[in-house]
Amino acid sequence: MTDTTPHAPLAAERRAHIVSALRTEGAVRISQLTEDLGVATVTLRRDLAQLEKEGVLRRVHGGAVPGETAPARSAHDADGADTAVGSIAVLVPSLAYYWPGVVRGMEDAAGRLGYKMLLRGASYELQDERPVLERLVTGGDVRGLIVAPNTDTAHARDVMAWLADCPVPSVLVERDAVLEPGGTPMEAVTTDHALGALLAARHLATLGHRKVGLILSRHSPTSRKIARGWQTACEELELTPADHFEQTLPDRTSPDFSAVVNATLDSALATGVTALLVHSDPEAMAFVDLALTRGISVPDDLSIIAYDDEVAQLFTPALTAVSPPRASVGEAAVELLARRIAEPDRPVHRVQLSPRLNIRASTAAPRS
């Protein structure tokens, strides 16, 4: 007589099923594995723990996502066949300054987790990102969105509402936002730019600077956060921003850019300012160039800290700079989205990463 009694799958069979599910779905949930395999939850947890030890997956609450050596880490298998588990669509304001470092981090994480990336660059002047986002969502097997929307336009609230109603989940990157009217926070990964301003102010205070100034390159979410952190830090450290010395510069392509920088230098020197925090690197370089042209020594007469650290170290003198963790921000955004895809009902997460201060040759103690 042939034995037709169903048998529980052996450990090797269970783990092969888990690996296959990771490859095709991009994530596994314990509840679904229990239903598929008909084994106890505790058994599956042991299987996941063993596969995590082998680097095949990484456990998350309620399931797992691919790990460092998972088959889904590449979009192509050994025969060249497409094995991607879907696409992540990304919309950032620029593919030039600042954002390439963030995008590289996204690409690394997406490749590791088996996702393709659909990348688009918008413009800071773009008023309504919804048409671009709609094209992205309908342009392929998109499982989720990572977006850095313009939060200063009349359409900002409509864009956030569209993201909330979108059939795929989304994560904001370097943006904070809530859904009105309830004020529900949206999932996001950001840099603690207020902390970056604090690090700069603390460094200047340690050197002995008392009168300091803040130069912002444009009105943006980053600039506002830097300004808030800077003002708080100056108050806590008993620095004097010289009658709240703060200047917002025009765009670098503006014909009056150099004139405004020169006028700002005049104001700084007239009020006894000995150090500046300048957002971002190109603007900081412009200040150093014009200062040196006028015979103002950097750092002896005027210390300058750049904010962003894209190219600050390449300048002469090499600029002390606040460095946001761009690649880590991109990686965290993809990982957060992957977890949301795997577990749609998890609580909203808002991840904030800390920048660091790289001390170089453009800051020194003020002349006595």
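1. Let's begin with helix 9, residues 257-270: its 14 residues reach 20 Å from the first C-alpha to the last, close to the 20 Å expected at 1.5 Å a residue. That expected span is 1.5 Å times one less than the number of residues. Helices (H or I, at least four residues) and strands (E, at least two) are DSSP runs, numbered from the N terminus. Please keep in mind that this is a predicted model, where local features need pLDDT of at least 70 and side-chain atom pairs count only at pLDDT 80 or more, while totals for chains, interfaces and linings use all residues. Residues are numbered from 1 along each chain as its sequence is written, and side-chain values use heavy atoms, leaving out hydrogens and water.

2. Which residues of helix 9 are buried? They are Phe257, Val260, Val261, Thr264, Leu265 and Ala268. They cover an arc of only 140° around the axis, so they sit on the same side of helix 9; the arc is that of the directions from the helix axis to the C-beta atoms. Buried means under 20% relative accessible area, exposed over 50%, and partly exposed in between (1.4 Å probe, protein chains only).

3. The buried residues of helix 9 pack against strand 11 (212-216), strand 12 (246-248) and helix 10 (281-293). Contact here means heavy atoms within 4.5 Å.

4. Now for the sheet: six strands form an open sheet in the order 12-11-13-14-15-17, with mixed pairing. Strand 12 and strand 17 (356-358) are the edge strands, each pairing on one side only. Two strands pair if DSSP finds at least two bridges between them. Strand 14 (residues 303-307) and strand 15 (residues 320-323), for instance, pair in the parallel sense over three bridges.

5. In one of them, aspartate 266 meets arginine 294 at 2.4 Å, N to O. Aspartate 266 lies in helix 9 and arginine 294 in the loop between helix 10 and strand 14, so the pair ties together parts that are 28 residues apart in sequence.

6. Another salt bridge joins the side chains of arginine 360 and aspartate 309 (2.9 Å, N to O). This pair links the segment after strand 17 to the loop between strand 14 and strand 15, 51 residues apart. Are these two residues buried or exposed? Both arginine 360 and aspartate 309 are buried.

Definitions and conventions:
Salt bridge = Lys/Arg side-chain N within 4 Å of Asp/Glu carboxyl O.
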